[in-house]
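Please review the briefing below, which is arranged by topic and accompanies the sequence and structure.

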There are 2 protein chains.
Amino acid sequence: MAGPQRTYGRRTLLAAIRKNSPIARIDLAEATGISRATVTTVTAELLRAGLIAEVADESDKSGRGRPRVDLKIDGAAHFIAGVKVANRSLSLVLIDFEGNQLAEVDYPLGRQTFAPDGLATALHDGLTALMGTVGKGISDLSGVGIGIAGIVDVHSGLVHWSPSLSERNVRLQARIENALGVPVFLDNDANLVAMAEKQFGVGRTAKDFIVVTIESGVGMGIVINNEIYRGTRGCGAEFGHTKVQLDGALCRCGQRGCLEAYVADYALLREAQFLNDGAGDASSEQQIEQLLTRAQQGDALASNIVNRAGRMFAMGLANIVNIFDPELIILAGERMQFDHLYAEEVLDSIKSSIVQVDQSPPEVVIHKWDDLMWAKGAAGYALEGVEEAAVKAVSMQDA
Amino acid sequence: MAGPQRTYGRRTLLAAIRKNSPIARIDLAEATGISRATVTTVTAELLRAGLIAEVADESDKSGRGRPRVDLKIDGAAHFIAGVKVANRSLSLVLIDFEGNQLAEVDYPLGRQTFAPDGLATALHDGLTALMGTVGKGISDLSGVGIGIAGIVDVHSGLVHWSPSLSERNVRLQARIENALGVPVFLDNDANLVAMAEKQFGVGRTAKDFIVVTIESGVGMGIVINNEIYRGTRGCGAEFGHTKVQLDGALCRCGQRGCLEAYVADYALLREAQFLNDGAGDASSEQQIEQLLTRAQQGDALASNIVNRAGRMFAMGLANIVNIFDPELIILAGERMQFDHLYAEEVLDSIKSSIVQVDQSPPEVVIHKWDDLMWAKGAAGYALEGVEEAAVKAVSMQDA
């Protein structure tokens with residue numbers, strides 16, 4: 001069998017073992033359509049490479065002869081870390097090659113914005129703390145996934161802009177890889193929420209879905225055909241900067257009429273200034289909470305602010321449905337705690353703004369996350385990269 | 001070699017022959033990474049099935065020994081027709097399995113809107129006329145591709161709504177297939193322009209691109225990873241019904257603020273009524289032309305109408321860029337003859353509304369089509385379907 005086809009076989013079988021673990025060889029042949037002979041050869045290779053392991057089939061109660069043996073991913077094959085760079089902390093998680101979570105750490109940061117080398121140092125320290133909890137070091141890692149807010153070109157590892165960085169156009173992946181000495185997989189954090197939903201969350205059974213995250217900004221991750229869609233320049237899915245109004249409200253990006261300029265924290269606070277009754281010392285979070293409480297209590301001005309945000313959000317989401325027609329839309333993020341902002345009225349408003357066909361509109365699911373789950377998405381992204389490299393390594397030996 | 005892998009080999013080799021035709025067996029092995037032995041076996045099968053043919057290598061001037069033999073797609077293997085259902089005519093084109101155009105016919109229709117069986121009859125008559133030009137009949141066709149305006153679910157062959165049909169929710173593919181006795185491949189016409197651009201046009205070298213068509217409505221075709229993206233319910237890419245204004249202008253779909261309600265013919269004419277100086281007898285086309293001429297001449301009211309349409313169009317397109325980040329945007333369709341509407345100012349306006357990164361924005365290309373090229377797209381779509389069926393047939397014989 002030719003090289004590319006054998007690589008295809010390795011990839012397919014490893015994926016099938018991951019999905020159906022534990023699984024017997026004969027069922028693998030059935031599930032993939034690959035011949036039993038090839039399954040035997042390739043799984044022997046994968047066993048030799050330490051990527052999979054044999055386990056006794058517990059369902060085999062016959063007690064006769066040699067017990068049936070199943071295959072599973074060998075968790076011990078690789079350690080992989082995931083990191084979400086949050087506002088004032090790093091959320092870190094450690095998983096094994098099977099995807100089991102081994103440790104988690106919340107590592108506080110002294111500041112919000114870093115020079116690139118400063119961020120690399122912080123990541124080094126945070127990862128050292130994470131690995132310390134299992135008595136290991138950074139060099140025991142096969143890969144580190146990192147999610148960062150901003151505009152990230154995954155192909156080149158370039159961060160065009162991030163609220164966590166004091167410089168623009170930073171080759172951040174290379175800088176961090178140098179500092180850690182471990183392969184680094186860097187992506188926009190909203191993409192990694194999509195990855196987490198795909199691997200561990202409500203997106204597991206959907207082929208095409210969209211994740212919208214609402215924090216201080218509005219982010220989006222697009223999954224098409226089970227893969228994160230990243231666009232040509234690696235910087236698509238800028239949902240927060242789609243325009244919902246010609247010459248509309250000013251956005252912090254410098255343009256006018258962006259969705260963010262109507263629904264983000266700063267947009268609500270900008271309008272809420274008319275509400276302020278000497279609450280000058282309150283934090284943004286407190287002010288937002290105050291605004292929403294007032295709206296709930298029926299204050300006309302507060303309701304006016306909150307309602308428009310909801311309607312603009314619905315309009316933006318309906319546009320996504322009209323363009324993508326996804327199976328599922330997942331609304332994720334911290335701000336989701338304010339259910340009443342993005343609840344029934346908003347969902348109804350989406351339904352009445354999408355193209356009407358005699359089929360159900362896509363399901364909209366609200367999924368609250370904490371930073372740790374974002375970190376798990378980052379780890380899942382690195383896991384895919386590590387697996388691909390491992391399959392390639394087996395293929396190289398074969399060539 | 002196992003079944004699925006052999007099918008993969010057949011598909012890959014046929015695609016490589018199509019792309020590089022004529023090509024020698026040894027170069028095929030090189031181009032695909034498939035072993036020479038497998039190339040020999042599979043190409044022998046494809047030759048036996050009549051899908052490919054051998055040709056003498058004209059570059060082989062050595063004159064020594066047996067001349068080198070190349071492989072090409074055998075055009076005579078299949079006849080395939082493509083049809084665009086236009087406003088008052090059917091545009092029909094006949095191609096062979098190699099993609100060469102053999103005939104074209106413009107078949108006038110007595111009306112714009114049909115009951116499903118009436119449309120099937122019209123298609124039967126149009127195709128009979130097309131095949132008559134080469135002395136053949138409908139039963140000589142291996143497939144017919146049909147493009148129709150409206151909301152089409154390609155998975156089920158269901159047309160939710162079309163301006164060409166008097167009924168909603170018609171299982172049109174099955175109805176036409178029954179009437180013709182030939183496999184029918186039905187799709188939204190904008191998708192088929194995307195297909196034509198991918199196979200024969202400026203999209204040949206792009207992996208991710210978007211085609212926007214402007215006629216009486218606004219359509220969009222999305223190509224992701226070299227494939228038409230169709231959405232879960234088969235009805236995505238409804239660019240014309242993305243909302244550009246909350247509670248905005250009324251659209252013929254019944255909703256408010258749709259892009260179409262600002263840029264389509266009817267939207268311009270609705271506003272142009274203040275301009276009318278007794279031109280009550282002029283056709284819509286004439287009235288539009290009059291409006292555009294006046295705007296060009298500097299008439300304030302006319303310019304006001306035309307400029308807003310351009311700016312709304314730019315805003316909608318910028319949103320597509322912010323979401324998809326495609327390599328290329330192709331503006332296609334008849335209305336493109338009014339270059340000044342969608343020219344420099346509009347393109348500049350797009351650039352200033354997309355997320356700013358230090359990379360060039362996607363290329364925007366204006367490509368004028370006639371209905372015949374839409375028909376070619378329909379034929380190209382059917383060609384893909386016929387090829388897939390042919391490969392499957394070879395694989396069935398093998399099993």
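Helix 3 of chain B (residues 36–48) has 13 residues and spans 18 Å from its first C-alpha to its last, close to the 18 Å expected at 1.5 Å a residue; the expected span is 1.5 Å times one less than the number of residues. Helices (H or I, at least four residues) and strands (E, at least two) are DSSP runs numbered from the N terminus. This is a predicted model, in which local features need pLDDT of at least 70 and side-chain atom pairs count only at pLDDT 80 or more, whereas totals for chains, interfaces and linings use all residues. Residues are numbered from 1 along each chain as its sequence is written, and chains are lettered from A and ligands numbered from 1 in the order in which they are written.

**Helix 3 of chain B**
- The buried residues of this helix are B:T38, B:V39, B:V42, B:T43 and B:L46; a residue is buried if 20 or more other C-beta atoms lie within 10 Å of its own, exposed if 12 or fewer, and partly exposed in between, with C-beta atoms placed from the backbone.
- Viewed down the axis of helix 3 of chain B, the buried residues fall within an arc of 120°, so they line one face of the helix; the arc is that of the directions from the helix axis to the C-beta atoms.
- B:A37, B:A44 and B:R48 are exposed on the other side of helix 3 of chain B.
- After helix 3 of chain B comes B:G50, with a positive phi near 75°.

**Chain A overall**
- Chain A contains twelve helices and 15 strands.
- Of its 399 residues, 47% count as buried.

**Sheet in chain A**
- Five strands of chain A form an open sheet of mixed pairing, in the order 13-12-11-14-15; two strands pair if DSSP finds at least two bridges between them.
- Its edge strands, each pairing on one side only, are strand 13 (227–228) and strand 15 (363–367) of chain A.
- Strand 12 (residues 218–224) and strand 13 of chain A run antiparallel and are joined by two bridges.
- A:E227 in strand 13 of chain A stands opposite A:I224.

**A:D27**
- A:D27 belongs to helix 2 (residues 25–32) of chain A.
- This residue counts as partly exposed because A:D27 has 15 C-beta neighbours inside 10 Å.
- A:D27 and A:D70 are 43 residues apart in sequence, and their C-alpha atoms are 9.5 Å apart in space.
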